[in-house]
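I wrote down what I looked up, in the order in which I looked.

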Amino acid sequence: MRQKMRALMLVAPLLIFVVVTFIVPILSMLFRSVENDIVPNTIPGTVIALSQWDGSSGEPPHENVYRNLYIDLFKAEEAKQHTRLGSRLNYEQSGLSSLFRTTGRSLDDIGELWQDPLEDIDPNFEEGSFWFEMMSGTGGEDFLETRRELMALMSDEDMSGDVGFVPSEEIIQLLPWTARAYTDFALWAAIRDGDTVAEEDPWESVYGALGMDLTNPDTVSAINSYNGAGASALQAAAANIDQLPQFGFREAFTEEDKDWGSADIWATIKLYSPSMTPGYFLNSVDMTLTPDGIVMKPENQQIYTTLFMRTLIMALIITASCIVLGYPVAWLLANLPMRTASILMILVLLPFWTSLLVRTSAWKVLLQQQGVINEILVWLGFVNDADRLVLMNNATGTVIAMTHILLPFMILPLYSVMKTIPPSYQRAAKSLGATNWTAFWRVYFPQSVPGIGAGSILVFILAIGYYITPEIVGGTDGVFISNRIAYHISSSLNWGLAAALGSILLVVVLGLYWCYDKIVGIDNVKLGG
Amino acid sequence: MADGASNEAFVEFERVQKSYDGETLVVKDLNLTMPKGEFLTMLGPSGSGKTTCLMMLAGFETATHGDIRLGGVSINDIPPHKRGIGMVFQNYALFPHMTIAENLAFPLEVRKLGKAEQEEKVKRALDMVEMGSFGGRRPAQLSGGQQQRVALARALVFEPELVLMDEPLGALDKQLREKMQFEITHLAHQLGITTVYVTHDQTEALTMSDRVAVFDDGRIQQLAPPDKLYEQPENSFVAQFIGENNTLEGVIKEIKGNTCVVQLDGGEIIDAVPVNVSQVGERTRVSIRPERVEYNRDRLHADAHTLKAEVLEFIYMGDIFRTRLRVAGNDEFIIKTRNAPDQVRLKPGQEIEIGWLAEDCRALDAS
């Protein structure tokens with residue numbers, strides 16, 4: 001037991017290093033491929049309200065959804081989170097990114113539609129201190145904490161701290177929309193901006209929310225019997241609701257952008273409301289989630305299945321080329337006299353010690369149309385100057401360069417296996433009457449198969465995830481799925497899709513490894529000895 | 001020589017030389033003639049050129065100079081697979097990825113024999129080495145002795161006229177080795193195959209062979225049947241290399257027909273047979289086998305020369321007694337006596353007189 005503990009202590013630094021720098025990032029990356037928290041976190045109220053809506057009706061959702069959207073989106077806009085949400089939804093339906101961005105800019109204008117008449121009815125509504133007095137009270141602590149949590153989830157920031165404001169239980173009951181909007185404003189002003197809530201003018205959304213409350217006849221009658229702080233201003237507003245806009249938030253949103261009236265948009269938002277989604281994986285295999293179920297994407301948008309197939313086929317071609325080129329070299333290495341063999345070995349290893357980037361760039365110099373190979377061919381007269389070979393920026397270039405780069409990974413395991421085959425086997429075969437070829441094919445080759453297996457696994461798995469070389473010499477025809485993953489990681493920032501593509505790649509490799517184990521047997525793989 | 005062996009030359013080496021680097025000769029001027037059916041052993045220390053000779057015969061090495069003939073035909077330019085020579089390797093070289101039956105069928109398959117004929121021959125060969133039930137196994141599942149038998153069966157299955165064996169018993173333990181020695185000779189004689197056997201174990205060479213070729217320094221030092229080799233070595237190397245041997249150094253004093261008188265360096269006079277010495281005054285190394293030394297005066301010729309000896313050590317070995325003496329300044333002089341009822345057991349410190357029949361003591365070159 002103590003021995004085991006000591007052994008564990010010895011490997012602990014490496015173990016921790018591997019877990020922290022390798023396993024945890026991979027797991028988190030895998031998790032990203034299904035994670036969809038951004039939608040329910042950014043517009044939580046809208047998501048709940050939307051669950052009541054039947055997307056198949058073809059009608060846009062109920063006013064209630066738009067009201068929630070307004071409240072959610074307003075604070076998201078303050079936290080600059082609405083564009084992130086737009087980008088996320090844009091992966092599923094293009095146009096949503098700009099819809100969210102432009103709408104974000106006009107949220108203040110929508111609020112002012114109610115703010116201006118309200119301030120005309122009673123100038124008290126202009127005063128931050130008046131609002132503070134009207135909204136604060138006691139009993140709303142739980143309400144405050146709920147809003148605080150939602151805010152924290154939405155903005156991804158620490159919202160803890162003293163707000164200097166507690167909503168009144170009575171006003172929460174009386175003006176539910178206004179209480180939400182004002183509490184959000186108070187939280188943001190106190191904690192994010194570090195201001196005193198009472199001295200700040202409320203957000204435009206608070207006026208909008210009051211407008212929402214005033215459309216409810218029950219609220220209007222309750223206001224008339226209300227006698228708390230700000231009662232007179234509220235009663236004045238209730239008495240003059242005909243001066244307020246006579247339309248709802250659906251109209252307000254649709255006015256800003258008619259897309260908000262489209263059931264399609266809302267169907268997409270509803271589909272991607274849950275915090276887990278198969279969407280990224282479906283995207284990775286050129287499918288998409290629609291309200292009618294899972295369907296293939298239109299032909300002209302299908303790219304990933306083609307890319308996966310191409311990656312697999314090209315990795316196989318590269319592996320095969322490595323076997324064909326590497327086998328004779330490994331054979332020479334194993335059978336030449338020591339001295340010559342070590343010189344040859346250096347030639348094999350030399351590229352190994354050279355930077356990958358340098359080697360790939362060298363291939364660029366060699367392969368391009370005005371490059372070394374074409375110049376020589378033209379000079380020798382094998383190729384017309386007019387039709388020089390296209391060796392680069394296509395699959396040919398990728399195969400040539402990657403075969404060269406991965407060749408040592410084939411030669412070294414082959415060599416180490418061949419080194420262990422005693423020459424007496426071939427001698428025995430010849431003494432038994434076999435020709436050189438039969439002796440090789442029947443006796444030597446079967447014994448070198450474990451080396452081919454080991455080399456192939458190495459080369460294939462390295463090839464399938466290769467990135468730099470296809471990026472440099474592959475053009476558009478010669479890029480691999482890994483290049484697409486890199487693009488989504490660093491350019492389009494669609495990490496979920498990148499994670500899904502990566503997960504599929506991982507599963508494919510594991511699946512192939514499993515098949516290989518079943519067919520050849522992993523015990524037959526020798527990396528040496 | 002075995003029954004049915006003709007005297008016609010079957011394997012011939014004529015003035016064969018071999019050099020790997022073009023400077024030093026590993027095999028120097030080798031001449032050897034073997035009749036059909038003979039069991040010949042090439043014996044020698046490592047590096048003496050015996051394995052090289054075997055490899056040249058098998059075709060894996062080419063002779064730098066000279067001619068190797070098989071059945072009267074020069075095989076210098078025939079590749080190994082067309083020579084039709086069976087070979088058993090030191091590490092057996094059974095193909096690990098094939099079963100025993102597939103291993104045996106391999107030479108038949110490359111000769112394009114029919115399936116039924118292959119099966120029959122494989123079965124017969126396996127039965128011959130008593131391995132009939134092992135056809136479906138792989139070499140790694142067999143013991144060393146079993147692998148040895150299979151290797152032998154594989155070398156014989158295509159019925160070659162000549163079989164080469166390169167230290168085939170080296171990896172086996174003593175008991176198994178002795179058993180296999182007997183089986184191999186028995187099989188070789190039974191089938192009438194010509195066999196060239198390479199070993200560095202002299203007991204193996206003596207017990208198995210019709211003739212033994214003792215190799216040293218790239219030459220055959222002596223080529224003779226085992227008894228002649230042991231009893232009548234032709235030079236100091238062979239005398240030293242084969243069996244136990246006592247040597248004394250001296251100068252030829254007198255030569256009378258086929259006996260001579262040698263004066264040892266300490267002044268003592270002894271009788272010997274001159275082998276490769278020719279003139280009086282020449283330095284010589286006399287060689288006498290431990291079991292031919294006599295200390296009972298009655299059994300010697302009346303005029304035989306004797307030497308004084310002091311017993312240093314007496315070792316009881318069961319079947320024999322081994323006594324170490326100091327003779328003419330040599331502390332390592334050994335005599336062996338049979339454990340017979342009337343045998344005298346010498347005691348350390350005892351002074352005795354020893355002698356021998358002149359024909360048992362051979363005056364050889366001093367080198």
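**Entry 1: conventions**

I am working with a predicted model, in which local features need pLDDT of at least 70, side-chain atom pairs count only at pLDDT 80 or more, and totals for chains, interfaces and linings use all residues. Residues are numbered from 1 along each chain as its sequence is written, while chains are lettered from A and ligands numbered from 1 in the order in which they are written.

**Entry 2: domains**

I looked up the domain bounds, which come from an automatic or database domain assignment. In chain A, domain 1 covers 44-273 and domain 2 covers 304-524. Taken over C-alpha atoms, the centres of these two domains of chain A are 61 Å apart.

The contact between them involves 4 residues of domain 1 of chain B and 6 residues of domain 2 of chain B. For a contact, the C-beta atoms of two residues, placed from the backbone, must lie within 7 Å.

**Entry 3: two helices of chain A**

Helices (H or I, at least four residues) and strands (E, at least two) are DSSP runs, numbered from the N terminus. I picked helix α1(A), residues 2-32, and helix α26(A), residues 495-519, which pack at about 110° with their axes 7 Å apart. Axes are lines fitted to C-alpha atoms, for helices over the stretch in contact, and angles run from 0 to 180 degrees between N-to-C directions.

How are α1(A) and α26(A) oriented to each other? They are roughly perpendicular, a label for angles of 65 to 115 degrees; under 35 is roughly parallel, over 145 roughly antiparallel, and the rest oblique. The crossing of α1(A) past α26(A) is left-handed, which means that the near helix is turned anticlockwise from the far one by less than a right angle; clockwise would be right-handed.

From α1(A), the residues A:M29, A:L30 and A:R32 meet A:W495, A:G496, A:A499, A:G502 and A:S503 of α26(A). I sorted the residues of this contact into 4 nonpolar, 3 polar and 1 charged.

**Entry 4: a hairpin in chain A**

Strands β1(A), residues 287-290, and β2(A), residues 293-296, run antiparallel and are joined by 4 bridges. Two strands count as paired if DSSP finds at least two bridges between them. A:T288 stands opposite A:V295 of β2(A). The hairpin between β1(A) and β2(A) goes through 2 residues.

**Entry 5: an open sheet in chain B**

I then followed an open sheet of 4 antiparallel strands in chain B, in the order β2-β1-β4-β5. Its edge strands are β2(B), 25-35, and β5(B), 73-74, each pairing on one side only. Helix α1(B), residues 50-58, packs on this sheet and touches β1(B), β2(B) and β4(B); its direction makes about 60° with that of β2(B).

Between β1(B) and β2(B) I found 7 bridges, with B:V16 opposite B:L30. The two strands form a hairpin with 5 residues between them, and B:G22 in the turn has a positive phi of about 80°. Strand β1(B) is also joined to β4(B), by 5 bridges, and B:Q17 has B:H65 as its bridge partner there. Strands β4(B) and β5(B) pair over 2 bridges, with B:R69 opposite B:S74.

**Entry 6: a barrel in chain B**

Which strands close into a barrel? They are 5 strands of chain B in the order β11-β12-β13-β19-β14, with mixed pairing. Neighbouring strands are turned by 55° against each other on average, direction ignored. Strands β11(B) and β12(B) run antiparallel with 6 bridges, and B:I252 stands opposite B:V262.

**Entry 7: chain B against chain A**

Last, I checked the contact between chains: 18 residues of chain B touch 15 residues of chain A. On the side of chain B, β6(B) and α2(B) each supply at least two residues, and the largest share, 3 residues, comes from α2(B). That side has 13 nonpolar, 3 polar and 2 charged residues.

How values were computed
Nonpolar A, V, L, I, M, F, W, Y, C, P; charged D, E, K, R; others polar.
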